[in-house]
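Visitor: I have a model open and want to learn how to read it. Where do we start?

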Amino acid sequence: SVSKIVLPAEFGIENLDCAVHGNIEIKLEQEQKMRANSMILSLHSPVFQNMFFNLGRTSVELDDFRADVVRQFLGALYSGKVDIVKDTFREFHMLAAVF
């Protein structure tokens with residue numbers, strides 16, 4: 001089990017999609033890829049925590065969602081800030097409901 005800790009807002013946001021600290025591959029639509037850190041994602045999502053620490057996953061397929069929405073969602077997990085526009089709200093909400 002991962003202990004919950006308090007992190008400052010935007011902790012690690014500069015490392016989203018970072019080749020050095022991104023130990024998880026996120027597979028996006030149209031064969032695009034990005035990297036994220038398993039610890040940061042797990043701190044904000046029990047689903048991610050289970051995928052990485054219990055199931056040993058090193059990649060996540062999110063190619064059913066628009067790439068820009070996935071990037072926005074992961075950015076929100078890193079920063080704690082959400083800037084949603086009307087045309088992405090529904091898909092962003094679906095991602096949030098899953099994770």
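Visitor: Take helix α3. Is α3 mostly covered or mostly open?

Guide: First, a caution: this is a predicted model. Now the helix. α3 is mostly covered, with 10 of its 13 residues buried.

Visitor: Which residues of α3 are buried?

Guide: Start with the general idea. An α-helix has 3.6 residues a turn, so residues three or four places apart point the same way. Now the case here. The buried set in α3 is A67, V69, V70, F73, L74, G75, A76, L77, Y78 and S79.

Visitor: What covers the buried residues of α3?

Guide: Look for elements in contact with them. The cover includes two strands, β1 (24-27) and β2 (33-36). It also includes the helices α1 (38-44), α2 (46-54) and α4 (86-98).

Visitor: How far does α3 reach from its first C-alpha to its last?

Guide: Compare the span with the expected value at 1.5 Å a residue. α3 covers residues 67-79 and reaches 18 Å, close to the 18 Å expected.

Visitor: Now charges. How many salt bridges does the count come to?

Guide: The test is a distance: a side-chain nitrogen of Lys or Arg within 4 Å of a carboxyl oxygen of Asp or Glu. By that rule there are 2 salt bridges.

Visitor: Which residue does K33 pair with?

Guide: K33 pairs with E25, and their closest N and O atoms are 3.8 Å apart. Then check the accessibility of each partner. K33 counts as exposed because its relative accessibility is 51%, and the cut-off is over 50%. E25 counts as buried because its value is 19%, and buried means under 20%.

Visitor: And what is the partner of R66?

Guide: R66 forms its salt bridge with D68, the closest N and O atoms being 2.7 Å apart. R66 is partly exposed at 28% relative accessibility. D68 is partly exposed too, at 40%.

Visitor: Step back to the whole chain. In what order do its elements run?

Guide: Read from the N terminus: β-β-α-α-β-α-α. That gives 4 helices and 3 strands.

Visitor: What share of the chain's residues counts as buried?

Guide: Of 99 residues, 41% count as buried. The chain exposes about 6,100 Å², and carbon and sulfur atoms supply 53% of that area.

Notes:
Residues numbered from 1 in each chain as written. Predicted model: local features only at pLDDT ≥ 70, side-chain atom pairs only at ≥ 80, totals over all residues. Heavy atoms only, no water. Buried < 20%, exposed > 50% of the residue type's maximum accessible area, 1.4 Å probe, protein only. Expected span 1.5 Å × (residues − 1). Contact = heavy atoms within 4.5 Å. Areas by Shrake-Rupley, 256 points an atom, 1.4 Å probe, with all protein chains shown as cover.
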